[in-house]
Amino acid sequence: MTTEGPPIRRLADWDAATLRDLADEYGTPLYVLDRRRVRENVANLRAAFHDEAISYAVKANTVRATLETVAETDLGAECASAGELQRAIDAGFDRVRYTAVNPPADDLDRVVELAADPPRDLELVITVGAADTFEALAERGYDGPLAIRVNPGVGAGHHAKVTTGDAPKFGVPYDRVPELADEIADRGFDLVGLHAHAGSGIHEASDLAAHRELVSRMGKLARDLDHDLDFLNVGGGLGVPYRPDEEPLDLDSVAAATREAVGELDATLGIEPGRYVVADAGVLLTTVNTVKPTPETTVVGVDAGMTTLVRPAMYDAYHEIRTLAPDADERGSVAATIAGPICETADVLGRDRELPGPERGDVLAIGNAGAYGYEMASNYNSRPRPAVVSLEENGRARLAVERETLSELTRLEVER
């Protein structure tokens, strides 16, 4: 097992020359994923949550190189779709949970098929967030272990769009869980656990307090249920510092507070971090294609945009941006707006950033891009998705995901 690393890898910790070489060899936009850092983050989690069951929230990054790296550390996988479940199984995970929201019929068909005929010895649990999802599984003949996703009425996260614990979309209302649990058991199904998730990017003190309240409520619910449970999963959402002046989470304190909040419990306590595992293991490289001074700001146009990294446009998220030019220290600085090539005002990766005087051809690095970066990339404006390079344990780089081509954008279209 890889030993623990520093609590956070800052953008300044990446070697500029190495990143420039990767940009030259593979082109930009380019995601770079460091597998060693993924392992270090898992080791950090295990050191703090040493008595808890840890699963990786697959939706944070499903690139095969990422999934294989995490699977090798013996974490479980938490999957939000049949596609994620299939990817996790293909990557070698042996413990998987399907925790979909309002799952489509095709999803349920595929998951039930996998449960009935797994490709190998596999521990698969399906989590239902509504009574009619349970009915849909029963109609399909599923008879495997079940868990209930609970809406505990407590949410937290870095943005309202990712706060889930109090959103009616997610989970069975707290006070209705005992009735559904009884029905599941009365009909001969094996109820093995409860699940809840406060939200994504929990980092501030108020978020941590809300998470402790969620854990406390879930602990009480688990004790009050008249059912023997194997596990109580209190979700992930552990945040990372995106700004250079933000401190990382004290994982030991978070783990201790979680144990204290849940109270006495016969079941195994579980967590499901995603962002924490992969965020600082990835950077996005992009090339400056336009430098345009304006009365308000210097617009630095780059070849990555909201189709490459949507978080700034969708969540007003901050990502640190660094110039990799070898002579950067010799240039005067300017206040810059880093904008992409998409025909939307929202297509801005950073505003009011102090950068060494930008020049066309400069390569910029965007930090903490390993989580929800490539995973949320799109083809809007008919832009091909970027390539992904994996930095291996031996220090060498390999292509993990090929760059899409223009011809591939229309591959699925049917001619008249």
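Strand 8, residues 191–195, is mostly covered, with 5 of its 5 residues buried. Keep in mind that this is a predicted model.

**Strand 8 and its partners**

- On one side, strand 8 runs parallel to strand 6 (residues 146–151), and 4 bridges join the two.
- Within that pairing, Ile-148 stands opposite Leu-194 of strand 8.
- Strand 8 also runs parallel to strand 9 (residues 231–233), this time with 3 bridges.
- Here the facing residues include His-195, which sits opposite Asn-233 in strand 9.
- Follow the chain from strand 8 through helix 8 (residues 205–224) to strand 9 and you get a right-handed β-α-β unit.

**Helix 1: which side is covered?**

- Helix 1 spans residues 16–26, and its buried residues are Ala-16, Leu-19, Leu-22, Ala-23 and Tyr-26.
- Those residues take up an arc of only 125 degrees around the axis, so they end up on the same side of helix 1.
- Turn to the face pointing away from that buried side and you find the exposed residues Asp-24 and Glu-25.
- What lies over the buried residues of helix 1? The cover includes strand 1 (30–34), strand 11 (282–293) and strand 13 (321–323), along with strand 16 (363–366), strand 17 (387–391) and strand 18 (397–401).

**Cysteines**

- How many disulfides does a search of the whole structure find? The count is 0.
- As a reminder, a disulfide is a covalent bond between the sulfur atoms of two cysteines.
- Is Cys-79 buried or exposed? Cys-79 counts as buried, because its relative accessibility is 2%, and the cut-off for buried is under 20%.
- Cys-343 is another story: its relative accessible area is 65%, so Cys-343 is exposed, given that exposed means over 50%.
- You'll find Cys-343 in the loop between strand 14 (333–339) and strand 15 (348–356).
- Leaving out residues up to four places away in sequence, Cys-343 touches Tyr-380 and Asn-381.
- In UniProt, the annotation "active site" covers Cys-343, though the entry is unreviewed, and such annotations may be inferred rather than shown by experiment.

**Leu-124**

- Leu-124 belongs to strand 5 (residues 123–128).
- With a relative accessible area of 10%, Leu-124 is buried.
- Which residues is Leu-124 in contact with, leaving aside neighbours within four places in sequence? They are Leu-85, Val-96, Tyr-98, Val-111, Leu-114, Ala-115, Tyr-142 and Pro-145.
- Asp-228 is 104 residues from Leu-124 along the chain, and 18 Å separates their C-alpha atoms.

**Arg-351**

- Not counting residues up to four places away in sequence, Arg-351 touches Ala-336, Thr-337 and Thr-345.
- Tyr-318 is 33 residues from Arg-351 along the chain, and their C-alpha atoms are separated by 9.3 Å.

Conventions. Residues numbered from 1 in each chain as written. Predicted model: local features only at pLDDT ≥ 70, side-chain atom pairs only at ≥ 80, totals over all residues. Heavy atoms only, no water. Buried < 20%, exposed > 50% of the residue type's maximum accessible area, 1.4 Å probe, protein only. Pairing = 2+ DSSP bridges. Right-handed = clockwise from strand over helix to strand, strands pointing away. Arc of directions from axis to C-beta. Contact = heavy atoms within 4.5 Å. Disulfide = S-S within 2.5 Å.
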